[in-house]
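Subject: Structure handover

Hello,

Please find the structure below, followed by notes on what was found in it.

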Amino acid sequence: MSTTGERFERAVAIMSRLRGPGGCPWDREQTFDTIKRYTLEETYEVLEAIDNRDWQELPGELGDLLLQVLFYAEMAKEEGRFSIDDVLEALSNKLISRHPHVFGDVKAHDSAQVLKNWEALKLQEKSKMLHTAGREQSEPQSLLSAVSSKMPALLEAHKISSKAAHVGFDWPAIQGLFDKLSEETRELQEHIQNLPSTSLRDSEKLAVPEELKEQVEDEVGDLFFVLVNIARYLSVDAESALRRTNRKFRRRFGWLEEQLRKQGRSLEQATLDEMEALWQQAKTLEGT
(Lines give C-alpha, C1' and ligand atoms only; values in the text may rest on other atoms or scores of the structure.)
Protein backbone atom coordinates (compact mmCIF):
# COMPACT_ATOMS: atom_id res chain seq x y z
CA MET A 1 0.00 0.00 0.00
CA SER A 2 1.29 3.47 -0.88
CA THR A 3 2.35 5.80 1.90
CA THR A 4 0.83 9.24 2.36
CA GLY A 5 4.02 10.78 0.99
CA GLU A 6 3.97 8.60 -2.11
CA ARG A 7 0.35 9.46 -2.81
CA PHE A 8 1.09 13.16 -2.42
CA GLU A 9 4.09 12.94 -4.76
CA ARG A 10 1.91 11.12 -7.31
CA ALA A 11 -0.62 13.98 -7.24
CA VAL A 12 2.20 16.52 -7.69
CA ALA A 13 3.59 14.51 -10.63
CA ILE A 14 0.16 14.33 -12.28
CA MET A 15 -0.27 18.10 -11.97
CA SER A 16 3.17 18.59 -13.51
CA ARG A 17 2.28 16.26 -16.38
CA LEU A 18 -0.96 18.13 -17.07
CA ARG A 19 0.91 21.44 -17.29
CA GLY A 20 3.87 20.03 -19.19
CA PRO A 21 4.49 19.58 -22.93
CA GLY A 22 1.84 17.33 -24.42
CA GLY A 23 -0.34 17.81 -21.37
CA CYS A 24 -3.90 19.13 -21.14
CA PRO A 25 -4.50 22.24 -23.29
CA TRP A 26 -6.95 23.68 -20.76
CA ASP A 27 -4.63 23.17 -17.78
CA ARG A 28 -1.70 24.65 -19.72
CA GLU A 29 -3.69 27.80 -20.50
CA GLN A 30 -4.55 28.60 -16.89
CA THR A 31 -2.94 31.43 -14.91
CA PHE A 32 -3.07 32.57 -11.30
CA ASP A 33 -5.89 34.95 -12.18
CA THR A 34 -8.01 32.43 -14.11
CA ILE A 35 -7.77 29.83 -11.34
CA LYS A 36 -8.83 32.16 -8.52
CA ARG A 37 -12.56 31.75 -9.11
CA TYR A 38 -12.26 27.95 -9.03
CA THR A 39 -10.48 28.17 -5.69
CA LEU A 40 -13.44 30.07 -4.28
CA GLU A 41 -15.95 27.65 -5.80
CA GLU A 42 -14.13 24.61 -4.44
CA THR A 43 -13.94 26.18 -0.99
CA TYR A 44 -17.70 26.66 -0.88
CA GLU A 45 -18.26 23.09 -2.09
CA VAL A 46 -16.13 21.84 0.81
CA LEU A 47 -18.24 23.92 3.20
CA GLU A 48 -21.45 22.55 1.70
CA ALA A 49 -20.28 18.95 2.11
CA ILE A 50 -19.39 19.67 5.75
CA ASP A 51 -22.74 21.36 6.41
CA ASN A 52 -24.53 18.37 4.86
CA ARG A 53 -22.36 15.93 6.86
CA ASP A 54 -21.72 14.23 3.52
CA TRP A 55 -18.69 12.21 4.56
CA GLN A 56 -18.63 10.28 1.28
CA GLU A 57 -18.51 13.49 -0.76
CA LEU A 58 -16.11 15.41 1.48
CA PRO A 59 -12.86 13.55 0.54
CA GLY A 60 -13.45 14.37 -3.12
CA GLU A 61 -14.22 18.01 -2.37
CA LEU A 62 -11.11 18.32 -0.20
CA GLY A 63 -9.14 16.78 -3.06
CA ASP A 64 -10.51 19.43 -5.41
CA LEU A 65 -9.41 22.11 -2.94
CA LEU A 66 -5.96 20.55 -2.66
CA LEU A 67 -5.77 20.58 -6.45
CA GLN A 68 -5.93 24.37 -6.31
CA VAL A 69 -2.83 24.42 -4.09
CA LEU A 70 -1.00 22.07 -6.44
CA PHE A 71 -2.05 24.20 -9.42
CA TYR A 72 -0.70 27.43 -7.90
CA ALA A 73 2.52 25.74 -6.78
CA GLU A 74 3.13 24.20 -10.22
CA MET A 75 2.58 27.53 -11.99
CA ALA A 76 4.91 29.26 -9.51
CA LYS A 77 7.55 26.57 -10.08
CA GLU A 78 7.35 27.15 -13.83
CA GLU A 79 8.01 30.85 -13.24
CA GLY A 80 10.89 30.10 -10.87
CA ARG A 81 9.15 31.65 -7.88
CA PHE A 82 8.58 28.74 -5.48
CA SER A 83 7.52 25.09 -5.46
CA ILE A 84 5.20 22.82 -3.51
CA ASP A 85 8.21 21.96 -1.32
CA ASP A 86 8.41 25.60 -0.25
CA VAL A 87 4.68 25.59 0.51
CA LEU A 88 5.00 22.51 2.71
CA GLU A 89 8.13 23.83 4.42
CA ALA A 90 6.43 27.17 5.16
CA LEU A 91 3.39 25.35 6.56
CA SER A 92 5.40 23.07 8.84
CA ASN A 93 7.54 25.93 10.13
CA LYS A 94 4.47 28.06 10.78
CA LEU A 95 2.67 25.28 12.66
CA ILE A 96 5.69 24.80 14.92
CA SER A 97 6.40 28.48 15.51
CA ARG A 98 2.74 29.33 16.14
CA HIS A 99 2.38 26.53 18.72
CA PRO A 100 5.16 27.20 21.25
CA HIS A 101 2.88 25.75 23.94
CA VAL A 102 3.22 22.39 22.14
CA PHE A 103 6.71 22.54 20.61
CA GLY A 104 8.29 24.94 23.13
CA ASP A 105 8.06 25.97 26.75
CA VAL A 106 5.30 28.59 26.50
CA LYS A 107 2.21 27.96 28.61
CA ALA A 108 -1.35 28.19 27.29
CA HIS A 109 -4.06 26.86 29.57
CA ASP A 110 -7.02 27.43 27.27
CA SER A 111 -7.93 28.22 23.66
CA ALA A 112 -8.33 31.93 24.44
CA GLN A 113 -4.70 32.14 25.52
CA VAL A 114 -3.66 30.18 22.42
CA LEU A 115 -5.38 32.72 20.16
CA LYS A 116 -3.86 35.65 22.05
CA ASN A 117 -0.37 34.12 21.68
CA TRP A 118 -1.11 33.42 17.98
CA GLU A 119 -1.85 37.08 17.24
CA ALA A 120 1.27 38.25 19.07
CA LEU A 121 3.43 35.77 17.15
CA LYS A 122 1.95 36.87 13.82
CA LEU A 123 2.90 40.48 14.53
CA GLN A 124 6.42 39.42 15.55
CA GLU A 125 6.80 37.35 12.37
CA LYS A 126 5.65 40.23 10.15
CA SER A 127 8.09 42.63 11.80
CA LYS A 128 10.90 40.12 11.39
CA MET A 129 10.07 39.58 7.71
CA LEU A 130 10.17 43.33 7.03
CA HIS A 131 13.51 43.63 8.84
CA THR A 132 14.98 40.69 6.88
CA ALA A 133 13.84 42.30 3.64
CA GLY A 134 15.56 45.52 4.67
CA ARG A 135 12.26 47.35 5.09
CA GLU A 136 11.54 48.71 8.53
CA GLN A 137 7.95 49.61 9.32
CA SER A 138 7.53 53.32 8.78
CA GLU A 139 4.68 53.31 11.28
CA PRO A 140 3.04 50.78 13.62
CA GLN A 141 0.76 48.32 11.86
CA SER A 142 -2.90 48.25 12.83
CA LEU A 143 -4.10 45.11 14.53
CA LEU A 144 -6.67 44.73 11.77
CA SER A 145 -4.30 45.26 8.84
CA ALA A 146 -3.79 41.50 8.45
CA VAL A 147 -7.50 40.89 7.81
CA SER A 148 -8.14 40.82 4.09
CA SER A 149 -10.90 43.10 2.82
CA LYS A 150 -11.43 40.70 -0.11
CA MET A 151 -13.10 37.97 1.96
CA PRO A 152 -16.92 37.69 2.31
CA ALA A 153 -18.26 40.52 4.45
CA LEU A 154 -19.68 38.27 7.19
CA LEU A 155 -16.34 36.50 7.58
CA GLU A 156 -14.45 39.81 7.53
CA ALA A 157 -16.73 41.16 10.28
CA HIS A 158 -16.13 38.04 12.36
CA LYS A 159 -12.35 38.27 11.87
CA ILE A 160 -11.96 41.93 12.74
CA SER A 161 -14.28 41.75 15.76
CA SER A 162 -12.46 38.63 16.99
CA LYS A 163 -9.09 40.36 16.76
CA ALA A 164 -10.45 43.36 18.66
CA ALA A 165 -11.92 41.04 21.29
CA HIS A 166 -8.58 39.27 21.79
CA VAL A 167 -7.08 42.52 23.05
CA GLY A 168 -10.04 43.24 25.32
CA PHE A 169 -12.13 45.49 23.05
CA ASP A 170 -15.37 43.56 23.44
CA TRP A 171 -18.71 43.66 25.20
CA PRO A 172 -18.26 42.38 28.78
CA ALA A 173 -21.55 40.45 28.52
CA ILE A 174 -23.80 39.33 25.68
CA GLN A 175 -26.68 41.47 26.97
CA GLY A 176 -24.74 44.51 25.81
CA LEU A 177 -24.88 43.15 22.28
CA PHE A 178 -28.65 42.71 22.44
CA ASP A 179 -28.97 46.27 23.75
CA LYS A 180 -26.83 47.42 20.81
CA LEU A 181 -29.01 45.41 18.41
CA SER A 182 -32.11 47.20 19.74
CA GLU A 183 -30.35 50.55 19.39
CA GLU A 184 -29.31 49.90 15.78
CA THR A 185 -32.80 48.63 14.94
CA ARG A 186 -34.35 51.81 16.29
CA GLU A 187 -31.91 53.94 14.28
CA LEU A 188 -32.80 52.09 11.08
CA GLN A 189 -36.50 52.50 11.81
CA GLU A 190 -35.98 56.23 12.31
CA HIS A 191 -34.32 56.52 8.91
CA ILE A 192 -37.08 54.50 7.26
CA GLN A 193 -39.66 56.90 8.69
CA ASN A 194 -38.09 59.57 6.48
CA LEU A 195 -38.95 57.60 3.34
CA PRO A 196 -41.91 58.69 1.19
CA SER A 197 -45.12 56.95 2.24
CA THR A 198 -45.49 55.47 -1.27
CA SER A 199 -42.17 53.66 -0.81
CA LEU A 200 -43.30 52.09 2.45
CA ARG A 201 -46.31 50.52 0.73
CA ASP A 202 -44.18 48.87 -1.97
CA SER A 203 -43.67 45.31 -0.76
CA GLU A 204 -41.34 44.43 -3.64
CA LYS A 205 -38.61 46.99 -3.00
CA LEU A 206 -38.51 50.26 -1.13
CA ALA A 207 -37.65 53.16 -3.41
CA VAL A 208 -35.01 54.76 -1.18
CA PRO A 209 -34.10 58.28 -2.34
CA GLU A 210 -30.42 58.74 -3.17
CA GLU A 211 -29.90 61.26 -0.37
CA LEU A 212 -31.05 58.63 2.20
CA LYS A 213 -29.59 55.51 0.60
CA GLU A 214 -26.13 55.85 2.13
CA GLN A 215 -27.54 56.45 5.60
CA VAL A 216 -29.88 53.45 5.33
CA GLU A 217 -27.04 51.29 4.03
CA ASP A 218 -24.88 52.32 6.99
CA GLU A 219 -27.63 51.39 9.45
CA VAL A 220 -28.26 48.02 7.79
CA GLY A 221 -24.50 47.37 7.88
CA ASP A 222 -24.43 48.21 11.60
CA LEU A 223 -27.22 45.69 12.17
CA PHE A 224 -25.29 42.97 10.36
CA PHE A 225 -22.14 43.77 12.33
CA VAL A 226 -23.93 43.45 15.67
CA LEU A 227 -25.50 40.15 14.56
CA VAL A 228 -22.08 38.81 13.57
CA ASN A 229 -20.79 39.75 17.02
CA ILE A 230 -23.69 37.97 18.69
CA ALA A 231 -22.84 34.88 16.63
CA ARG A 232 -19.17 35.18 17.59
CA TYR A 233 -20.08 35.56 21.25
CA LEU A 234 -22.11 32.35 21.02
CA SER A 235 -19.32 30.54 19.12
CA VAL A 236 -21.54 30.32 16.05
CA ASP A 237 -20.10 30.81 12.57
CA ALA A 238 -22.27 33.53 11.03
CA GLU A 239 -21.57 32.40 7.46
CA SER A 240 -22.58 28.81 8.24
CA ALA A 241 -25.63 29.94 10.18
CA LEU A 242 -26.86 32.04 7.26
CA ARG A 243 -26.20 29.23 4.77
CA ARG A 244 -28.21 26.91 7.04
CA THR A 245 -31.11 29.37 7.03
CA ASN A 246 -30.84 29.76 3.25
CA ARG A 247 -31.13 25.99 2.79
CA LYS A 248 -34.09 25.90 5.17
CA PHE A 249 -35.83 28.64 3.20
CA ARG A 250 -35.15 26.85 -0.10
CA ARG A 251 -36.57 23.61 1.31
CA ARG A 252 -39.73 25.15 2.70
CA PHE A 253 -40.34 27.36 -0.31
CA GLY A 254 -39.85 24.36 -2.58
CA TRP A 255 -42.48 22.44 -0.59
CA LEU A 256 -44.83 25.44 -0.88
CA GLU A 257 -44.39 25.48 -4.68
CA GLU A 258 -44.98 21.74 -4.87
CA GLN A 259 -48.27 22.01 -2.99
CA LEU A 260 -49.48 24.75 -5.32
CA ARG A 261 -48.52 22.66 -8.36
CA LYS A 262 -50.56 19.77 -6.99
CA GLN A 263 -53.50 22.17 -6.92
CA GLY A 264 -52.80 23.12 -10.52
CA ARG A 265 -51.81 26.64 -9.54
CA SER A 266 -48.72 28.82 -9.83
CA LEU A 267 -47.09 31.15 -7.32
CA GLU A 268 -48.51 34.14 -9.17
CA GLN A 269 -52.05 32.78 -8.76
CA ALA A 270 -51.77 32.34 -5.00
CA THR A 271 -52.45 35.09 -2.50
CA LEU A 272 -49.99 36.05 0.21
CA ASP A 273 -52.31 34.59 2.87
CA GLU A 274 -52.45 31.27 1.01
CA MET A 275 -48.68 31.13 0.68
CA GLU A 276 -48.23 32.03 4.33
CA ALA A 277 -50.62 29.21 5.35
CA LEU A 278 -48.60 26.71 3.29
CA TRP A 279 -45.38 28.09 4.77
CA GLN A 280 -46.66 27.46 8.29
CA GLN A 281 -47.60 23.91 7.25
CA ALA A 282 -44.05 23.38 5.98
CA LYS A 283 -42.67 24.55 9.32
CA THR A 284 -45.03 22.23 11.19
CA LEU A 285 -43.99 19.26 9.06
CA GLU A 286 -40.35 19.96 9.88
CA GLY A 287 -41.21 20.20 13.54
CA THR A 288 -39.98 23.77 13.95
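Trp 26 is partly exposed, with 39% relative accessibility (buried is under 20% relative accessible area, exposed over 50%, partly exposed in between, with a 1.4 Å probe and protein chains only). This is a predicted model, in which local features need pLDDT of at least 70 and side-chain atom pairs count only at pLDDT 80 or more, while totals for chains, interfaces and linings use all residues. Residues are numbered from 1 along each chain as its sequence is written, and side-chain values use heavy atoms, leaving out hydrogens and water.

Tyr 38 is also partly exposed, at 21%. The count of aromatic pairs is four (rings of Phe, Tyr and Trp, for Trp the six-membered ring, with centres within 6.5 Å; planes under 30 degrees apart are stacked, over 60 edge-to-face, the rest tilted). One of them joins Trp 26 and Tyr 38 edge-to-face, at 5.7 Å between centres and 75° between planes. Trp 26 is in helix 2 (residues 25-29) and Tyr 38 in helix 3 (residues 32-51), so this pair ties together parts twelve residues apart in sequence (helices are DSSP runs of H or I, at least four residues, numbered from the N terminus).

Phe 32 and Tyr 72 are stacked, with centres 5.8 Å apart and planes at 15°. Phe 32 belongs to helix 3 and Tyr 72 to helix 4 (residues 58-78), 40 residues apart. Phe 32 is partly exposed, at 28% relative accessibility.

Finally, Phe 249, Phe 253 and Trp 279 make up one aromatic cluster.

Regards

Note on methods. Helix = DSSP H or I, 4+ residues; strand = E, 2+ residues; numbered from the N terminus.
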